[in-house]
Amino acid sequence: MQNQSITQRLANPTRFMQLTDWLMPLTAAIAVVVIAAGLYLALFVAPPDYQQGETVKIMFIHVPSAWLGMMGYLMIAISSFGLLVFRHPLADVSAKAAAPIGAAFTLLALITGSLWGKPMWGTYWVWDARLTSVLILFFLYLGLMALRSALDDESLAAKQAAVLGLVGVVILPIIKFSVDWWNTLHQPASVVKLDGPAIHSSILVPLLVNAVGFSILFLALHMKAMRNEVLRRRVKALRLAEVERAAKRERTAAAPAE
Amino acid sequence: MLAMIDLGPHAAYIWGSYGAVALVLAALVAWLWFDGRRQRRLLAELESRGVRRRSDRG
Amino acid sequence: MQLFVANLVVARGGRTIIDDLTFDVAGGEALLLTGRNGAGKTTLIRALAGYLRPIAGSVRLDGFDPERDVREACHYVGHLDANKASLSVMENVAFWQGYLGDGGSGTAAGDALWAALERFGLDALADIPAAYLSAGQKRRLSLCRLLVARRPLWLLDEPSVSLDAASTVLLADVIGEHVAAGGIVIAATHLPLGLGAARELRLGEQVAMS
Amino acid sequence: MSGFMRLLRRDLLLAWREGGALGTALGFYLVVVALMPLGLGPDLNLLSRIASGILWVALLLAALLSLPRIFETDADDGALDVMALGTLPLELVAGAKSLAHWISTGIPLAIMAPVLGVLLNLEVRAYPLLFATMLAGTPAISFLGAIGAALTIRARRGGLLLALLVLPLYVPTLIFGITAINAALLSPDGFAASFLILSAISLVSVVLGPIAAAAALRTQME
């Protein structure tokens, strides 16, 4: 059993709990340090943009939030695939735990984006392709959570949510390419490009540091949410066992009487 | 220290953005924290008892 | 205390189900309603509880506060359990205790609540949400409200459905105690509840088939 | 504690525990509002002009969706039958449940409305007006809606029927809610008259809704 792959070892919820017991706080601590560094660079070091002035500082949190909003959905899609195809025992836990976190980052992307849009475009919101597609991503998150909450049977909810999660993955390329396919107000991608980033390193470095920090934070939050979900399922199992025990006690108590 | 940096005419929007991020993330962390504590408490209660009687309640 | 039912006529969906029924039950008596399916057992019970307005006849409860409506003297246990899945066993009973009862003082009410849960073997499950319970446990949970709120007239419609043999005996005991304390029980049932001294009212014979 | 307060507390607790229903209503509100600009085109001036109307209509639809919850589950599991035997008159049962619906759905929807106003380029000075009119108008939605909810408990296709029955009852609230906002945007003193009528409609609903709903509940118990 020495050469189990990491996914196999993680597949066991008990092993997962043992591992994340120390890994989660560690990840959270690293995230705090990296984000602190990123914020320092963003607020004190990065120069104002020659076009956008100081508002470019919003980008340092807006872009990582948007990335993680999409990352969260990718996480759900992969977990859904893992559940439907490999019946991985933790896949559903992962998919369920990622939804509120991804939704929170998507919401942050929308909020910071509209606060950036007001000084730049003169309005908090425009109905262009990028903003609309991110809003639809947010709806997808809401739909996933609503579907789960509407189904009482947990294993049914897991499969239904996984199907929805996989169907919804088409939104990710639409978001990514919306700025290229439709000519919109939102600026096109400037970091992830085939011929290298189009922005100066004094702005790129804080952005990347923040992006890494936010990603690590996402992992820490996701781990914590998964731990909570594993515990919630244990509580559920124990409650069922308790009900069973009570029923059995009655049967044995009743037996001699008859 | 933060007050020293001059963010120009749009400072409110910038601080608003950072504030929103702080607020939402703090809410998320608080929710995860309290949810975790609640589940642990429920689990401990369930594991610790065999049969509960009213005398436990006081 | 005595319940008088005089010349009761009840119709449902345009059909006369109960036609000119007269009987009375004294305090300390249990009345078993029997008869084939559709003979009007449920209809009679729902009419006594005040859900159905009779076409003619009267229902009178002597010995109960004349200022108050008869329905306030009734406990009704029907086919449905009236439990909330997301409330715990205790929360369910506590709500009905406060809502149906006279809002007795804290400690006494708490004792009555725990006594009822223990009586029906649910005390170990007090904190478990009702969603987890089996059908029989849910049934016993809904029977708990008979004990936590004191009401003289019990109207029970098939109360032993989904109860196992031991719980049925328990229910018969609880009914027996209520009767012994001067209460009135009217129960519709297919099963013999083991109520030795109960009178029986056979419905259906006097109903004209249409 | 009175039976009214007990019932109110229980219904709020249930709404909180089964939070999915509120989440679905809020999500529905968001989606309906977001669909409008997609259908009308992204003309921000146009959107700004019709924003308060869209927000009000979408709020009505979202609230409508959550109305069956007032009585349906309690009717399905028999709790309503038992409630009818309490010392609390059925009118107050209906009142407590409508009030719980207003607190658990009407108020959150009203709070959500100004947030959604951002999507429709609503004028900033209209935000407090919108919130105030909705807070004053939503009690009518819950208490009149309770009538429809009580009438359709045992109906086939209850949800669609409910919309047909209840939406016409909402017309006065809708008209005066929007009139109040528009009047206030045009002249500072035009607000009061419409707002008072809106509040009066709500007050009348709070009185009439539970009476009618209780009558409907009595009939359906037979």
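1. In chain C, strands S2, S1 and S4 line up in that order as an open, antiparallel sheet of 3 strands. Strands here are DSSP E runs of at least two residues, helices are H or I runs of at least four, both numbered from the N terminus, and two strands pair if DSSP finds at least two bridges between them. The edges are S2 (15–26) and S4 (56–62) of chain C, each pairing on one side only. Neighbouring strands are turned by 15 degrees against each other on average, direction ignored.

2. A word on the model: it is predicted, so local features need pLDDT of at least 70 and side-chain atom pairs pLDDT 80 or more, while totals for chains, interfaces and linings use all residues. Residues count from 1 along each chain as its sequence is written, with chains lettered from A and ligands numbered from 1 in the order written.

3. How many bridges join S1 (residues 2–12) of chain C to S4(C)? There are 6, and the two strands run antiparallel. In S4(C), C:Asp62 sits opposite C:Gln2.

4. Now the C–D contact (C-beta atoms, placed from the backbone, within 7 Å). Chain C gives 19 residues and chain D gives 19 residues. On the chain C side, strand S5 (74–77) and helix H2 (89–100) each give two or more, with H2(C) supplying the largest share, 5 residues.

5. Over in chain D, D:Val204 belongs to helix H9 (residues 191–221). D:Val204 lies 72 residues from D:Ala132 in sequence and 18 Å away in space, C-alpha to C-alpha.

Terms used. Two residues are in contact if their C-beta atoms, placed from the backbone, lie within 7 Å. Axes are lines fitted to C-alpha atoms, for helices over the stretch in contact, and angles run from 0 to 180 degrees between N-to-C directions.
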